[in-house]
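Let's take a look at where charged side chains end up in a protein model. Have the sequence and the 3D view ready.

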Amino acid sequence: MTSLTPDQTIHPDRTVRLLDTTLRDGEQAPGVSLSPDEKVDLARGLERAGVAVIEAGSACTGAGERRAISRVTDLDLDARVTSFCRGMQTDIDLALECAVDGVHIVVPSSDRHVEGKVGTSREDNLATTAELVAYATDHDLWVEVIGEDGSRADLDYLEALAETSLEAGADRFCFADTVGHTGPERTIEAVSRLADLGPVSAHTHDDLGLGVANALAAVSAGADLVHCTVNGLGERAGNVALEEVAIALSHVYDVETLELDELYDLAQRAARATGVELAPNKAVIGENAFTHESGIHTDGTLKDDKMYEPYAPETVGRERRLALGKHTGRAGVAAALEEHDVEASDEEVAEIATRVTELGDRGRRVTDADLLAIAEDVTGDDRERVVELHDLTATSGGSVPTASIRLEVDGEDRVASGTGSGPVDAAVSAIRDALGSNATAELESYHVDAVTGGTDAVVTVEVTMVRNDRSVTVARSEADITRASVEAMVDALDRLLAVDQQPLTPADD
């Protein structure tokens with residue numbers, strides 16, 4: 001087994017670039033399909049983050065894919081825009097139609113793929129690879145050859161394939177752990193040999209949970225370009241996550257690859273476009289990454305930001321959050337009350353903390369609205385509602401979902417209606433119409449957290465709304481998802497608007 005040698009550590013003076021393949025390999029995740037507009041939006045986000053190479057898709061997929069790739073190339077980005085190509089000249093021709101800067105030519109490298117998948121010989125595979133590279137370079141394309149299944153290839157043959165590719169004019173050769181099969185030691189052994197021949201890239205998957213470890217091992221062995229996807233999207237368990245590689249190289253090795261403060265926005269864009277929600281415990285960009293509930297952790301974090309965090313949340317475009325639950329202590333409750341401008345004595349804070357713990361003990365997530373309701377009861381500070389829901393009607397049976405709503409706003413009845421892509425969207429439109437432009441707030445997150453079974457099923461909807469620099473999270477449970485959603489949003493708006501302590505003007509005409 002090969003071990004890491006002292007000269008294979010990652011030094012701060014290394015230049016390492018990231019290649020993003022979200023628009024190609026990420027889109028190959030089950031159920032994911034990106035529209036041309038979504039690819040353009042993600043490409044712009046990748047450009048802002050400073051990604052060096054954007055693999056925009058596979059031109060051979062079809063005419064629709066080629067239109068999408070062309071939309072990305074038309075952006076005239078600083079990043080190199082490329083297309084994935086099988087080991088076929090026709091694929092290179094289709095990529096040229098899209099005006100890409102370069103191509104990734106995937107050729108088999110393991111005997112399983114050379115003989116079993118492609119049905120050729122090692123010698124013929126080398127000859128075909130040389131011909132394809134020469135053809136692509138003759139058309140002024142940047143060329144990377146990917147040795148598919150390289151982690152299971154005979155290393156002597158993998159080395160011969162890389163040498164043939166580079167001698168034919170390829171700009172670099174990629175070591176691909178196509179099925180997430182290997183570990184860091186094998187990666188170091190293979191990439192070290194390849195790096196002696198010329199520029200090397202690494203393409204790792206996360207089937208064994210070793211995607212980042214293998215990517216870093218490849219860099220330590222000489223790779224200077226790492227293939228990644230935003231949020232680790234991709235086939236099976238996914239590719240190595242762009243945000244994880246970028247922050248690991250920066251935080252551990254002082255090697256900068258991206259504008260790190262763009263990572264969270266990029267993650268959110270990818271999640272919305274693909275419909276793949278972020279796991280709350282996902283490294284770097286998960287909801288819990290900078291959220292503290294434990295009393296000990298909260299108290300320590302309030303005393304010293306670095307007490308329980310490896311790096312500041314602002315580094316990756318995040319904010320620190322103190323969550324409320326059964327583990328919350330007095331320090332966390334006091335800090336949360338301060339965020340909402342609620343004054344309470346030490347004795348009242350202690351009582352509020354006790355009630356928050358009791359609520360958490362019942363298996364409930366304690367939202368901002370729960371905290372404020374408890375605080376009002378403990379302090380005796382009754383508050384008049386600014387906005388209250390009196391009536392809601394929503395229909396979705398016709399071609400256009402509609403909703404009508406009656407609110408009491410500062411003691412005045414307001415009635416409005418709206419349309420949308422669904423009943424919830426229509427109801428949100430009606431709320432905005434009823435409140436007018438002076439009561440704007442952004443819906444930051446919307447989660448359907450639980451649905452009970454049976455004919456009397458109840459759905460729980462949790463929303464987080466932001467107004468100016470304040471946010472409030474509210475959860476409501478109802479038999480009807482539209483009503484639960486609207487009640488949660490109205491309650492959140494009520495809390496946010498109460499801070500202004502000024503009458504709301506009538507709704508806009």
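Here is a short tour of charges and rings.

This is a predicted model, so to speak: local features need pLDDT of at least 70, side-chain atom pairs count only at pLDDT 80 or more, and totals for chains, interfaces and linings use all residues. Residues are numbered from 1 along each chain as its sequence is written, and side-chain values use heavy atoms, with hydrogens and water left out.

Start with the salt bridges (a side-chain nitrogen of Lys or Arg within 4 Å of a carboxyl oxygen of Asp or Glu): the structure has 22. In one of them, Asp37 meets Arg71 at 2.8 Å, N to O. That pair ties together distant parts of the chain, helix α1 (residues 36–49) and helix α2 (residues 63–73), with the partners 34 residues apart. Helices here are DSSP runs of H or I with at least four residues.

| Arginine | Ring | Distance to ring centre |
|---|---|---|
| Arg24 | Phe84 | 4.0 Å |
| Arg318 | Tyr264 | 4.2 Å |

How values were computed:
A charge sits over a ring if NZ of Lys or CZ of Arg is within 6 Å of the ring centre and within 35 degrees of the ring normal. Helices (H or I, at least four residues) and strands (E, at least two) are DSSP runs, numbered from the N terminus.
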